[in-house]
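Subject: Structure handover

Hello,

Here is the structure for you to look at.

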Amino acid sequence: MARPLRELTPYRSNRDFYGAEMRRHRTGAEMSFDTLAARIPYSKSQLHRVETAEMLPPPGLSAALDRLFGTDGLFDRLSELVRQSQEIHPEQYRRSMRMEARAQLIEVYSGELVPGLLQTAAYAQALFRVSKPQASDEGIQELVAARLSRQERLRSVSPPRLSVILNEAVVRRPVGGPAVMREQLAAVLDVADTRTTVVQLLPFRNGEHALMGGTLKLMTLDDGTSVAWDESIVTGVLLEDEETVCDCRDKYDLLRTYALPPGETASFIRTVMEELSA
């Protein structure tokens, strides 16, 4: 005998509403989790946890549900609401994520890590495991899914322009081990110089610079407003004051002049990948 369905609370959060809509369409089509898992490439456990709001929708699930149920982009739109609300993050970070979702131009300097917009699942998982050692496997999976969901906009019909400057330490440090890092560097290579993305490397030989010690993300929004997200090890600050943001942009633009162009950056990354394979 099948277990009774767990009661849902659709109006508690966007994530709960997504799960309730998923159940409504699944039960309306008279599908069990086993049947649904056989029709789309997600496990029964994953689907159950998304429906009960225990897990954020993983990348690709919304499109798969829309195709299966013929819902004309409903789940894709709901996933955007879930992504923007990001209940698992503090409020100021959520605000910065809402602004990132509106940005037409995103410019990032990262001194230690590959930025979240470019991270692979394995790389992100390695970071979360070391930064949140008490988190459960399910909690880690949820954090990874939340991070990867931000990348979907880069693959949309109208993606933002993205400029990234990576400190040499970012590509040298083998986060997750050689295999994980090679996969991550290959992912960076894929977007090193495209129609909408540019990645540049800042070599150690450049010496000191004004953005040492943290991560800076500049965002030019759809209304022309510019904001900045300044992040350290445990805190992040959303900067909206025009004079402060302009000062950050001046520092970023100067740093870009010292960074390697995309072609040389790609060659440098390939060399590091070969060293990791040795």
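Two strands count as paired if DSSP finds at least two bridges between them. Strands (E, at least two residues) and helices (H or I, at least four) are DSSP runs, numbered from the N terminus.

First, the ground rules. This is a predicted model, where local features need pLDDT of at least 70, side-chain atom pairs count only at pLDDT 80 or more, and totals for chains, interfaces and linings use all residues. Residues are numbered from 1 along each chain as its sequence is written, and side-chain values use heavy atoms, with hydrogens and water left out.

The sheet

An open sheet of 6 strands runs in the order β3-β2-β1-β4-β5-β6, and its pairing is mixed. β3 (197-202) and β6 (236-239) are the edge strands; each has a single partner, so one side of each lacks a neighbour in the sheet. On average, neighbouring strands are turned by 10° against each other, direction ignored. Axes here are lines fitted to C-alpha atoms, for helices over the stretch in contact, and angles run from 0 to 180 degrees between N-to-C directions.

Take one pair. β4 (residues 215-220) and β5 (residues 226-231) are antiparallel, over 6 bridges. Within it, Met219 sits opposite Val227 in β5.

The helix across it

Helix α11 (residues 242-258) lies across β1 (105-110), β2 (161-167), β3, β4, β5 and β6, at about 110° to β4. α11 has 17 residues and spans 25 Å from first C-alpha to last, close to the 24 Å expected at 1.5 Å a residue. The expected span is 1.5 Å times one less than the number of residues.

Which residues of α11 are buried? They are Val245, Cys248, Arg249, Tyr252 and Leu255. They cover an arc of only 125° around the axis, which puts them on the same side of α11. The arc is taken from the directions from the helix axis to the C-beta atoms. Buried means under 20% relative accessible area, exposed over 50%, and partly exposed in between (1.4 Å probe, protein chains only). On the other side of α11, Glu243, Asp250 and Thr257 are exposed. The buried residues of α11 pack against β1, β2, β3, β4, β5 and β6; contact means heavy atoms within 4.5 Å.

The cysteines

With a disulfide defined as a pair of cysteine sulfur atoms within 2.5 Å, the count is 0. The sulfur of Cys246 is 9.3 Å from the closest cysteine sulfur, in Cys248, too far for a bond. Cys246 is partly exposed, at 41% relative accessible area. Cys248 is buried, at 12%.

Best wishes
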